[in-house]
Amino acid sequence: MKILIADKFPKHWVEVLKEKGHEIILNPALDENTLPEAQKTEQAEIIIVRSTKVNASAIDAAPSLKLVIRAGAGYDTIDINHAKTKGVAVCNCPGTNSIAVAELAMGLILSLDRRIPDNIIDLKAGKWNKTEYSKAKGLYGRTLGIIGLGHIGREVAKRAQAFGLKIIAFDPFVKESPLAQMVSDVYDLAKKADIITIHVPNTAGTKHFYDEKFFEAMKPGAYFINTSRGGLVKEDALIKACAEKGIRAALDVYEKEPKADAKEFVDPVTSAVNIYGTHHIGASTEQAQDAVAEVAVQIVQELADKGTFLH
Ligand code: MLT
């Protein structure tokens, strides 16, 4: 099959696809604006993307298109409604990068509590500020609120158990779990938790859900971690809550993210007081990218072998 890969993809798995007889066009430089033209030229049957958005024009660019694979968990970057009307299947690779995202979430929780990034910055600037950094609360016995107990939320819960955190969770689709005490109201969770981490998809129903009302419900001084999607959070409300209520946040994702490396990236939320930011790296481990690519290749092969896509 002819496959256009519009993002970086592990070399080994590109070779596997070639060995299976597929024709691969690898163009990681493509973005939302250039993908439609590239697809018009290439007439691929499958498009594989990680960060590159697939809009209606990319879907319409070639009648050959049968399948779009999102090499990750979220598929909010694909115009799935348009794909549906055009009979183009869309697949994601859920579960494949959950451990990587959960590991980052734990890292961010520890970073917030011990202020690890500030410690490092001060030492690099030649300052010894032990008094300032001796105020961590510690994690043991504190309450972690997990919103979204899917693949990633469950991996976070398992790791948090080892830290002795008391775990409560909210998930509209999960009534009981051996990993957490479920609560039936998200604002109830916000009131009870010392640390909140969100693991939910970005949909029309969840966009900007984390707003003034949510941050108002949180305990003063509590931590808020978002490794899911920037669009879930009303960033100006978070900035205000962090500045005025002593909430501390760690974000891996932002409402506006550059696709490629950018020499300048100035965003009010990443430069705000009491907010740490990382570069949307939750899924960016070798292990996770290998697992994602393996599943993407399996999906390709299923289509190639059956000639149809039945999921
Ligand atoms: C995901 O949706 O799984 C991640 O955001 C993927 C990524 O960063 O590549």
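1. Strand S11 (residues 248-251) and S12 run parallel and are joined by three bridges. Alanine 250 in S11 has tyrosine 276 of S12 as its bridge partner. Strands count as paired when DSSP finds at least two bridges between them. Strands (E, at least two residues) and helices (H or I, at least four) are DSSP runs, numbered from the N terminus.

2. A caveat on the source: this is a predicted model, where local features need pLDDT of at least 70 and side-chain atom pairs count only at pLDDT 80 or more, while totals for chains, interfaces and linings use all residues. Residue numbers start from 1 along each chain as its sequence is written.

3. S11 and S12 belong to an open sheet of seven strands. The order is S8-S7-S6-S9-S10-S11-S12, with parallel pairing. Strand S8 (181-182) and strand S12 (275-277) have a single partner strand each, so one side of each lacks a neighbour in the sheet. Helix H5 packs on this sheet and touches strand S9 (195-198), strand S10 (223-226), S11 and S12. The direction of H5 makes about 150° with that of S10. Contact here means C-beta atoms, placed from the backbone, within 7 Å. Angles run from 0 to 180 degrees between N-to-C directions; axes are lines fitted to C-alpha atoms, for helices over the stretch in contact.

4. H5 (residues 98-114) also meets helix H7 (residues 151-162). Their axes come within 8 Å and cross at roughly 50°. H5 and H7 are therefore oblique to each other. In this scheme, angles under 35 degrees are roughly parallel, over 145 roughly antiparallel, 65 to 115 roughly perpendicular, and the rest oblique. H5 contributes Ser98, Ile99, Val101, Ala102, Ala105 and Met106 to the contact; H7 contributes His151, Ile152, Glu155, Val156 and Arg159. By class, this contact has seven nonpolar, two polar and two charged residues. Nonpolar covers Ala, Val, Leu, Ile, Met, Phe, Trp, Tyr, Cys and Pro; charged covers Asp, Glu, Lys and Arg; the others, Gly among them, are polar.

5. Five strands make another open sheet, ordered S2-S1-S3-S4-S5, again with parallel pairing. Strand S2 (23-26) and strand S5 (89-91) are at the edges with a single partner strand each, so one side of each has no neighbour in the sheet. Neighbouring strands of this sheet are turned by 15° against each other on average, direction ignored. Strand S4 (residues 67-70) pairs with S5 over three bridges. Isoleucine 69 stands opposite cysteine 91 in S5.

6. Helix H11 lies across strand S1 (2-5), strand S3 (46-49), S4 and S5, and runs at about 165° to S4. H11 (residues 286-306) also packs with helix H1 (residues 11-19) at about 15°, axes 10 Å apart. H1 and H11 are therefore roughly parallel. The crossing is right-handed. Trp13, Val16 and Leu17 of H1 meet Ala293, Glu294, Val297 and Val300 of H11. The contact has six nonpolar, no polar and one charged residues.

7. Around the ligand are Arg50, Ser51, Gly72, Ala73, Gly74, Asn97, His280 and Ala283. A residue counts as near a molecule or strand if its C-beta atom, placed from the backbone, is within 6 Å of it. The shell has two nonpolar, five polar and one charged residues.

Technical notes. Left-handed = near helix turned anticlockwise from the far one by under 90°. Contact = placed C-beta atoms within 7 Å.
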